Every structure is written in C-alpha cells, then in structure tokens.
Amino acid sequence: MEKITATLQNNPGTGTLDGDSQTATLEVTGAAVTEDRTFTCRVTSGQFPSSPHFDTEVQLNVYEVQAVNVEVKSGTYAIISCVIVGITSLAAVEWVGPSGTDISADSNYTPKSGTIENYSQTATPDSYPGGYGSCCYRR
C-alpha cells in the first residue's frame with residue numbers, strides 16, 4: 001500500500017472553513033484510483049506556523065464491482081448478483097430497477113446485501129417473474 005503525504009498549511013485555498021471547523025480535501029483523479037493507498041493529511045497551525053505539525057492518515061480503499069448475469073426462461077425464478085471485490089468491511093448496497101427507483105419495497109424482489117468473505121461481498125436481489133434490476137450503488 002503506497003503512502004502519500006499532503007501538507008495543509010496557512011493557505012486559504014487548501015480547504016473550507018465552517019464556523020470553527022476546516023475541511024481540507026484531496027482530489028484524486030480516476031487514473032490514480034487503482035489500488036488501496038494511505039494518504040497523510042499534515043496540518044500546521046496558521047496562527048503559530050513554527051509549532052509542530054500534526055499528521056493524520058487517511059485511507060483510500062479501492063473496490064471493484066463484478067456483475068453476475070444469468071439467462072432464464074420467461075416466468076422462471078432467478079437470482080442475479082453483483083460481487084464487490086477488494087473490501088474489508090461491508091458495502092451499503094441498493095438494488096435499483098429499470099425505472100431507476102429502489103426496488104426493496106416491490107414484492108417481486110427480495111434484495112440481499114450479502115456477507116463479506118475473503119475481501120468480497122456478493123449481493124443478490126432474488127428476483128421473481130416480472131422484472132430485473134441493475135446493481136450496486138455504494139452510499
């Protein structure tokens with residue numbers, strides 16, 4: 001896992017101030033989001049710049065989603081799934097139907113978020129005749 005240090009100093013362009021709280025962000029391009037990485041947010045006082053800095057590590061955990069498609073005869077019970085790979089904790093999964101809405105209240109489907117095993121999670125929306133959904137949005 002690669003470690004990168006970002007330095008936050010007394011520079012008005014390095015974050016936003018809301019009351020007594022400052023939020024600093026690091027934008028990472030898609031091309032650089034290929035593996036898990038640890039970044040360090042290094043904070044130095046704007047009022048007392050000669051005081052020691054404070055480092056906080058921030059994790060960028062990268063995961064993949066793989067669709068497991070099936071072909072079934074019309075009117076046949078089916079299970080489709082998506083596998084979220086490269087995770088160390090469960091992801092929040094929402095199954096969304098063809099109309100773009102959450103299908104969890106539709107009696108034709110039984111969405112399941114899955115369990116984690118060997119750094120992967122398999123989610124299924126146990127679908128019944130009458131439709132299918134598209135997979136996996138992480139909240």
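**Strand pairing, a salt bridge and confidence**

User: Which residue in E9 does Glu117 stand opposite?
Analyst: This is a predicted model. Strand E8 covers 116-117, and 2 bridges join E8 to strand E9 (residues 120-123), running antiparallel. In E9, the residue opposite Glu117 is Ser120.

User: Which strands are the edge strands of the open sheet, given its order?
Analyst: The sheet has 4 strands, paired antiparallel in the order E6-E7-E9-E8. An edge strand here pairs on one side only. That holds for E6 (64-68) and E8 (116-117), so the edge strands are E6 and E8.

User: With which residue does Asp55 form a salt bridge?
Analyst: The count comes to 1 salt bridge. Its closest N and O atoms are 2.8 Å apart, inside the 4 Å cut-off. The partner of Asp55 is Arg42. The pair links distant parts of the chain, with Asp55 in strand E5 (residues 54-60) and, 13 residues apart from it, in strand E4 (residues 37-43), Arg42.

User: Is Asp55 buried, exposed or partly exposed?
Analyst: Buried means under 20% and exposed means over 50%. Asp55 has 33% relative accessibility. Because 33% falls between the cut-offs, Asp55 is partly exposed.

User: In which strand is confidence lowest?
Analyst: The chain has a mean pLDDT of 78, and 79% of its residues reach 70 or more. The highest mean is 91, in E5. pLDDT stays under 50 over residues 5-13 and over residues 127-139. The lowest mean is 47, in strand E1.

Conventions
Residues numbered from 1 in each chain as written. Predicted model: local features only at pLDDT ≥ 70, side-chain atom pairs only at ≥ 80, totals over all residues. Heavy atoms only, no water. Salt bridge = Lys/Arg side-chain N within 4 Å of Asp/Glu carboxyl O. Buried < 20%, exposed > 50% of the residue type's maximum accessible area, 1.4 Å probe, protein only. pLDDT = per-residue confidence, 0-100. Contact = heavy atoms within 4.5 Å.
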